[in-house]
Amino acid sequence: VVDIDGAVDMASTLAVGGVVTANAGVVVDNITIDGSTITSSGSLTLDLVGNLTIDVDGTVVSLSDAGVNFGQLFNSGSGNFNIYSPVSNQDMIFRGNDGGSGITALTLDMSAAGAATFNSSITATSLDISGDIDVDGTTNLDVVDIDGAVDMASTLTVTGEITANGGIALGDSDAATF
């Protein structure tokens, strides 16, 4: 047993065959490990040869900037993976690299109940919509198959024939010009 009550300056490598206990923390370069906190006075890189697993029994992985929590990844308890933006009315933005140019692919507007704005087209094998479809501008639709009522707030112009298998009903004050 060696008991030293002062500083030790070693000019070589310290090899320890057992556990190192440092109750006041450990400082390595600009990284400090103290209790359950790891801090760095600069950037910190984890460079692993294998995979990184984050196992959080408290279910929430929080992302903060200067102490302000701006995002969370969590398990809702039912096994569902959740991505949450806790800052009121701040958008969730999905960005990427398109041929060397930075683009915003999708914006979810949290001040509008998560309204989605896509930068380009949407491709789907099936699309079920419960609610309104608003088509603005000069959008041309080749085929629209609607199983339900259609409410038009403007003039309907048809170039071509109208086929009505069940007839056309007009209100009492409505007139039809053929």
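Predicted model: local features only at pLDDT ≥ 70, side-chain atom pairs only at ≥ 80, totals over all residues.
## The overall picture

From the N terminus on, the elements of the protein chain run β-β-β-β-β-β-β-β-β. Residues are numbered from 1 along each chain as its sequence is written, and side-chain values use heavy atoms, with hydrogens and water left out.

How much of the protein chain is buried? Of its 178 residues, buried ones make up 4%, where buried means under 20% relative accessible area, exposed means over 50%, and partly exposed lies in between (1.4 Å probe, protein chains only). The accessible surface of the protein chain is about 16,300 Å², and carbon and sulfur atoms hold 50% of that; such areas come from the Shrake-Rupley method with a 1.4 Å probe, and for residues only the protein chains shown count as cover. Among contacts with a separation of 6 or more, residues 24 or more positions apart account for 0%; a contact means heavy atoms within 4.5 Å.

Strand β5 covers residues 68-75 and strand β6 covers residues 81-84, and the two pair in the antiparallel sense over 4 bridges. Strands count as paired here if DSSP finds at least two bridges between them. Asn 75 has Phe 81 in β6 as its bridge partner. The hairpin has 5 residues between the strands, and Gly 77 takes a positive phi near 100° there.

Now for the aromatic rings. A pair of aromatic rings is described by the distance of the centres and the angle of the planes. The rule takes rings of Phe, Tyr and Trp (its six-membered ring) with centres within 6.5 Å, and calls planes under 30 degrees apart stacked, over 60 edge-to-face and the rest tilted. The count comes to 1 aromatic pair. The rings of Phe 74 and Tyr 84 have centres 6.4 Å apart and planes at 80°, so they form an edge-to-face pair. Because Phe 74 lies in strand β5 and Tyr 84 in strand β6, the pair ties together parts that are 10 residues apart in sequence. Phe 74 is partly exposed at a relative accessible area of 21%, and Tyr 84 is partly exposed at 40%.

## Two residues with positive phi

Most residues other than glycine have a negative phi, and most peptide bonds are trans. Thr 59 has a positive phi near 75°. Where is Thr 59 found? Its place is the loop between β3 (37-40) and β4 (60-65), and at 34% relative accessibility Thr 59 is partly exposed. Not counting residues up to four places away in sequence, Thr 59 touches Leu 73, Phe 74 and Asn 75.

At 76% relative accessibility, Asp 29 counts as exposed.

## The sheet of β7, β8 and β9

An open sheet is formed by 3 strands in the order β7-β8-β9, with antiparallel pairing. Its edge strands, β7 (92-98) and β9 (115-118), each pair on one side only. From one strand to the next, the twist averages 20°; axes are lines fitted to C-alpha atoms, for helices over the stretch in contact, and angles run from 0 to 180 degrees between N-to-C directions. Strand β8 (residues 101-109) pairs with β7 over 7 bridges in the antiparallel sense, and Gly 102 in β8 is the bridge partner of Asn 97.

Thr 104 is placed in strand β8 and is partly exposed, with a relative accessible area of 30%. Which residues does Thr 104 touch, not counting residues up to four places away in sequence? They are Ile 93, Phe 94, Arg 95 and Asn 119. The side chains of Thr 104 and Arg 95 make a polar contact (3.4 Å). A polar contact is a pair of N or O atoms within 3.5 Å; within protein, one must be able to donate a hydrogen and the other to accept it, and residues adjacent in sequence count only if both atoms are side-chain atoms. Thr 104 and Phe 118 are 14 residues apart in sequence and 8.3 Å apart in space, C-alpha to C-alpha.
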